[in-house]
Amino acid sequence: MKIKIDGKEYKVKGEKTILEVCADVGINIPNLCYSKNLGLLSSCRVCVVEVEGRWNLVPACGEIVRAGMVINTNSPRVINARKTILELLLSDHELKCISCSRTTDCRLKLASEAAQCDAERFQSNPHRIDGATHGSPPHTAKSADVGRLDKANNYVRRNPNKCILCGRCVKVCAEHQEVGVLAVNGRGFDAHIGVAWGNELGSVPCITCGQCVVNCPTAALEETSAPRELEGQERNTNVEEIKFLREKLGDKGTHVIVATAPSTRVAIGEAFGLPSGTNAEGKMVAVLKRLGFDRVFDLNLAADFTIMEEGTELLKRLHKMTNYDLKTRTFINTQFTSCCPAWINYVQMMHPELLPNVSTTKSPQQIFGALAKTYYAQKMGIDPKNIFVVMLMPCIAKSSEANREGIDHSKEFKDVDMSITVRQLSRMVREAGIDFAKLKNEKYDDPLGLSSGAGLIFGTTGGVSEAALRTISEKMLCKRLNNVNFENIRGEQGIKVAEIDTIQDSHGNPIRVAVVSGIANAERVIKDIKSGRENYHFVEVMACPGGCVNGGGMPVHNDIIQDNFANARRRASTMYNMDQYNNLRRAHDNPVVKQIYKEFLGEPNGEIAYKLLHTTYKPRKKYD
Amino acid sequence: MNKKKLEQIKEQYKPIIEEKRAKWQEEHDTPFYTRQTRLVLRNVEIIEPTSVHEYIATDGYFGFAKALTMQPQEIIDIVKESGMRGRGGAGFSTGKKWQFVHDAQSETKYIVCNADEGDPGAFMDRAILENDPYSVLESMTIAGYALGAQKGYIYCRAEYPQAVKNCKAAIIAARKNRLLGDNLFGTNFSFNIELRLGAGAFVCGEETALIASIEGKRGEPRPRPPFPAVSGLYGKPTLINNVETLSAIPMIIFEGAERWNKIGSPNNAGTKVFALAGNITNGGLIEVPMGITIKEIIYEIGGGYAEGSKVKAVQAGGPSGGCIPASMFDLPIDFDSLQSVGSILGSGGLVVMCDKVCMIDVAKFFIKFSVDESCGKCVPCRIGNIKLLNILEKITSGRGEESDLCELEKLSKTIIETSLCGLGQSSPNPVLSTLTHFREEYLDHIHNRRCGAGICRELTTYEINEKCIMCTACIKVCPVDAITGELKKPHYLSKEKCIKCNKCVPICPVDAIVRV
Ligand SMILES: Cc1cc2nc3c(=O)[nH]c(=O)nc-3n(C[C@H](O)[C@H](O)[C@H](O)COP(=O)(O)O)c2cc1C
Ligand code: SF4
Ligand code: SF4
Ligand code: SF4
């Protein structure tokens, strides 16, 4: 069909919105609330355009183009309306762009700058807590309500004064995660994003996955690392946390090491203008060294250890049947993965009955921390108290994991001292004035620098299972597989199910594996198991849809049509490529892994391994 | 129930109704009533609201009985021919809407009656539901048959306890008499109605917000299309009609389209119920043919203005409507004429305003309503309206500049053009219509820092004039001792001390304290 945009005729095929068609032909219509992954919100109205024959202006995000449509995207009427709407938003916004963590990637700021807005055109109005009217109950305003910072949750901080009420966070929390702790409260000008019953985020079962944060177009939602040394202090802003880390790096008496999570290397380049999915491993190592880290290690190595431990654990369970026992309300023998901390938070709060079935193997982050403060400290002859272990993560919940009760192997110090997101690192890089794209590739340090492709693909949904299956299959068959690619559990679908012929349970049946990402999907799988519709030997769960490649700590894109899934897809595909071309594709082949077991740990699931590489879980209260 | 039984009941109860009707007419023999054309309100105050027999005696359920003998399309054609336009505000052709729902392919469809009536001052739907609930039930059942729906919902605001009570009773009685339920009149058509209570949010009257609310979600509008006729309640094709719209349908089906379309003005068939209020001798609910002029309503039905006042304007359509100046009182009242002068028919509020009313204050009142009642979802409505209020407040407090008027107009236009739902799209109407028709009042506030009506506190001062009888009544009530004097000695009012609390004005027995 033919349509006309700004006086020029275009041919269009298929069902597309005005926003999409315009983006295709190079007209970027600014928008704040639209995300391809979330469905239509149509709340910000910034993307309005003129359509001939319509009395009002039409939001481009929701309007499907029809044959013969005549669209105007830059008439004075359109530009004025867009500008006015942005100016309305700015009038009540805590406009502190210079010190704002989102200053380089805030959709509101970018759109307002482009529209040359006058932030002072409208008089600002204080938000009224007691503005309830017309029979609605008075707001049950606790401290987290209108206009007040919500610092109660240590890892996700809300600032309602920077919120534009686009509704993305509410939607992602309710629909992708089915956690549903965010909601629009109040009405009229008093409408605001709140937590159930006017509570704070810290007193409801928020799993700190950070999906709300990566979907927030402004800095109304931010991650915080909450390192223990800053506890109790007026901390929490990203600026202060970065300052804290910078001072550690500058302290001669502290040996600061960092390990980089699998998915970070394929995403960090995006924060500096490289295309999404670029493999920037070498540059990332280089930049960490420039920033003053004493050693830069690869977390993939720890992922290899996770496989050794978790795989051994699974092999033990495979001797029995799996199902859900209605009488005792327990899961028989299904093993759930443990490497996603948001998932663990979810189980602890919402499904404590599942805790016995969660693998006791620590996540790569915590395995690394434990090895760093024991094996590595001994080897280097450094007092573990003087080692400061930093994790570079695609994730916000990793900070909560580092602080989880009972996670550390020793009472004297933490195994992981601080976990930062890719976004936080990119802020440090910018602060230091380093031109990331110009850096020359550098290599990880020894002795914790060698890792397998199996450890790498941990960063995407299905990767943990594939890595585990490679190792278990070969152990069970006692021979090497020609092809270690398990294609049927790859891809971004929320639930993938596979029967693995190479591995059998004690009855000789092939084992059934479910690979799940997104808590809403996890909930479905749990229901399936409980109702007896399905049974699985092994269930991998990643809280973020698509896995860590779409983690809550990943760089935010300002593509005109926001599509986090597409970025995640590109990141995942780069990782599979890197794995394919790695000579080392099995965790159990990794010579460093073998050596450390031999020198230090003994056997997988052995005594020392249990002490250092395994943990236990306690149920947690949902509400405080 | 069947046709024969209906006739028996009608036969039996007709004398009672006739007697009641005659009595009512005798008691209401004033122009306020005789000048009205009461079709929708035909049974109000006459029949016992919850008595299904009395309703049947007024030809009730004969429309439904007739409908069952017809093809669905024939029924829809009658509704189309009647020229009925929705009374919920937008005036969309009811026949067309029925056709859309009829044409939508689905096993499951719903009929929803919108009884959320949230405009301040409107109470026509309430009167109908309280006094004649069966007319709505019958109408929804006819719609169910014609459009292929099996279930209906009445969404009624919880602040109408009597309406809720009577509706409930009527639904129970209709079920008992097999006027609702399975296999009605021995056919294979089944229909049920459920009552749902709204939480008292104005925006829940908007159809997509109403659907969300019935589904148990936050009452927030969503973008259309898809329209409810295609994807409504639980994603199924849904007919949403207003109470008043529905209430007229049984009569139209039973007596034919002419019953409706021979009344009214071109393109605006039938009657409309208004809530007449304000500065008028006789106020209340009135039902008049479309196309009647404002003058006729005010003088012939309303009995003219209340004594001693000069009328200035009529506000029609509530928070989405506008003010019509006295110079335009020859205007016929219908959907199209009102829209042409920047007002709307809306749900039918008509407030007569005299010269003691400040038009900017009126605009402020309605904008304040929208600021509080907007759902808060979209930016122009949530934030735009409060900015309009800021500017109006600036003007009424004596800080206005002429450029503010330009800003009011520009901002209003953006809010209207870019808001998601009808609330935001019409909320600036009270500002725009007063700006158009009463601009000099705005300019008076801005240039002369003067409020002619003496309403805007910051712009008025209090004075004691020569009518004063020196009784000290005012001195006793003034909380800040701004008035000085003694019995039988002249009283003085200090403008510096006066806090404009207005306590003294009503106390003065001779109206000697004036605001200027
Ligand atoms: C903000 C807003 C409030 C509304 N409130 C009502 C209401 O209280 N009652 C009503 O019948 N329609 C109301 N409407 C109109 C409905 O959306 C819908 O158009 C109407 O119920 C359709 O019925 P009709 O075709 O019979 O008029 C409202 C619309 C808006 C935008
Ligand atoms: S959220 Fe955006 S607009 Fe607001 S202060 Fe931060 S950068 Fe500026
Ligand atoms: S917190 Fe962020 S994502 Fe949530 S509504 Fe506000 S601006 Fe949108
Ligand atoms: S116009 Fe107002 S009431 Fe309607 S969706 Fe927008 S904010 Fe809500």
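**Ligand 2.** I began with the surroundings of ligand 2 and counted 13 residues there, the closest being A:Cys97, A:Cys100, A:Cys106, A:Thr218 and A:Ala219. For such a shell I take a residue as near when its C-beta atom, placed from the backbone, lies within 6 Å of the molecule. Sorted by class, the shell around ligand 2 holds six nonpolar, three polar and four charged residues. My classes put Ala, Val, Leu, Ile, Met, Phe, Trp, Tyr, Cys and Pro under nonpolar, Asp, Glu, Lys and Arg under charged, and the others, Gly among them, under polar.

**A note on the source.** This is a predicted model, and I kept to its limits: local features need pLDDT of at least 70, side-chain atom pairs count only at pLDDT 80 or more, and totals for chains, interfaces and linings use all residues. Residues are numbered from 1 along each chain as its sequence is written, while chains are lettered from A and ligands numbered from 1 in the order in which they are written.

**Ligand 4.** Next I turned to ligand 4, which has 14 residues around it, with B:Cys375, B:Cys378, B:Cys381, B:Cys421 and B:Gly424 nearest. Helix 16 (379–396) and helix 18 (422–426) of chain B are the elements that give two or more residues to this shell. I read helices (H or I, at least four residues) and strands (E, at least two) as DSSP runs, numbered from the N terminus. The class count around ligand 4 is eight nonpolar, four polar and two charged residues.

**Chain B as a whole.** I noted 22 helices and 15 strands in chain B. Its C-alpha trace spans about 85 × 50 × 40 Å along the principal axes. Buried residues make up 53% of the 516 in chain B. Buried means 20 or more other C-beta atoms within 10 Å of a residue's own, with C-beta atoms placed from the backbone.

**Domains of chain B.** The assignment, automatic or from a database, divides chain B into domain 1 (3–261), domain 2 (265–354), domain 3 (365–447) and domain 4 (461–515). I put the C-alpha centres of domain 1 and domain 4 of chain B at 56 Å apart.

**One residue in chain A.** Is A:Leu469 buried or exposed? I count A:Leu469 as buried, because it has 26 C-beta neighbours inside 10 Å. A:Leu469 sits in helix 14 (residues 463–477) of chain A. Leaving aside neighbours within four places in sequence, A:Leu469 is in contact with A:Phe486 and A:Ile500. I also noted that A:Leu469 and A:Ile503, 34 residues apart in sequence, are 8.2 Å apart in space, C-alpha to C-alpha.

Key: A residue is buried if 20 or more other C-beta atoms lie within 10 Å of its own, exposed if 12 or fewer, and partly exposed in between; C-beta atoms are placed from the backbone. Two residues are in contact if their C-beta atoms, placed from the backbone, lie within 7 Å.
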